[in-house]
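Hi,

Here is the model I said I would pass on. Have a look at it first, and my notes on the ligands and the pocket follow below.

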Amino acid sequence: MRRRGILIVVSGFSGAGKGTLVNKLLEDYDGYVLSVSATTRAPRPGEEDGREYFFLQKEQFEQKIAEDGLIEYACYCDNYYGTPREYVERQLAEGKDVILEIEIQGALKIKKQYGDALLLFVMPPSAGELRRRLEGRGTETEEVIQKRMRRAVKEAEGIENYDYIVVNDDLETCTRQLHEIIKAAHNTPARNREFIENIRTELEGEK
Ligand code: ADP
Ligand code: 5GP
């Protein structure tokens, strides 16, 4: 049986460890691919165009929107972020589980378009630890950290829209849990309609 991949949305407050967690999932397990988003924000030191993001000018990003080249996009802390369509649809058709590491407005748009997407929310063990991680990453100014902490308060209101939360306390444990949830999601009836129908037809034939 050829199985279609699951579209997996991973959201969580900035600094909760989504990037770290998703990288570890890709390292430790087969069958996953990561969608590289487009953004208008400036690259951080060490980030490369086409690896962390496709870094675009605002006009280029708006051109992508006009061409319907993004399956969703959102404005987050004064910048555009969006998911390129072509790659995601090709990988799902090839049976890969495609990970989108996106914020909550985008996640809700995905849920509307792809009814069987799996929405996961990464939580820090505490608010204090979230601030420590944001400060420890050392990639944002204090002003940007403040903005992201305020944004976290808003995002926390939307957590119930997600299918599962995962608490990123110990990275190893959290990665394993993420993988187990996704494995289980492959076995829901809604994601196995064709297989179930085939068995029903075969059973009819055996009567
Ligand atoms: P996000 O992608 O959610 O913004 P990052 O993956 O960049 O977050 O992680 C933020 C910071 O927290 C990084 O410095 C990272 O090394 C650290 N971090 C991530 N996961 C853990 C963890 N389980 N325990 C301790 N530190 C972590
Ligand atoms: P950062 O600037 O820290 O890389 O990302 C800021 C936020 O934008 C994060 O919450 C990240 O998940 C989200 N994000 C990254 N790519 C996309 C995307 O393609 N679409 C949406 N809606 N959000 C994104």
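Ser37 has an N or O atom in its side chain that sits 2.7 Å from an oxygen atom of ligand 2, which makes a polar contact (a pair of N or O atoms within 3.5 Å; within protein, one must be able to donate a hydrogen and the other to accept it, and residues adjacent in sequence count only if both atoms are side-chain atoms). Before you go further: this is a predicted model, where local features need pLDDT of at least 70 and side-chain atom pairs count only at pLDDT 80 or more, while totals for chains, interfaces and linings use all residues. Residues are numbered from 1 along each chain as its sequence is written, chains are lettered from A and ligands numbered from 1 in the order in which they are written, and side-chain values use heavy atoms, with hydrogens and water left out.

Back to ligand 2. A nitrogen atom of ligand 2 is 2.6 Å from a side-chain N or O atom of Glu103, and a backbone N or O atom of Glu101 is 3.1 Å from one of the ligand's oxygen atoms. The protein buries 95% of the 510 Å² that ligand 2 exposes when taken alone (accessible areas by the Shrake-Rupley method with a 1.4 Å probe; for residues, only the protein chains shown count as cover).

Around ligand 2 there are 16 residues, with Ser37, Arg41, Tyr53, Tyr81 and Glu103 the closest (near means a heavy atom within 4 Å). By class that shell has 7 charged, 5 nonpolar and 4 polar residues (Ala, Val, Leu, Ile, Met, Phe, Trp, Tyr, Cys and Pro count as nonpolar, Asp, Glu, Lys and Arg as charged, the others, Gly among them, as polar). Strands E5 (70–76) and E6 (79–84) each give at least two residues to it (helices, H or I, at least four residues, and strands, E, at least two, are DSSP runs numbered from the N terminus).

Now ligand 1. On its own, ligand 1 has 560 Å² of accessible area, and the protein covers 72% of that. Its shell has 14 residues, of which Gly15, Lys18, Thr20, Arg137 and Asn168 come nearest. Helix H1 (18–28) and helix H5 (127–137) each supply at least two of the shell residues, with the largest share, 3 residues, from H1.

Where do the ligands sit? Ligand 1 takes up space in the largest pocket, and the space of ligand 2 is the largest pocket too (a molecule sits in a pocket if more than half of its atoms lie within 2 Å of its grid points). A pocket here is an open set of points on a 1 Å grid over the protein atoms alone, where a 1.4 Å probe fits, with protein on both sides within 12 Å along at least five of seven lines; lining residues have an atom within 4 Å of a point. This one holds about 990 Å³ of space (grid points are joined across faces, edges and corners, and the volume is that filled by probe spheres set on the points). Among its 38 lining residues, Gly19, Arg44, Tyr53, Glu101 and Arg137 are closest to the centre.

Cheers
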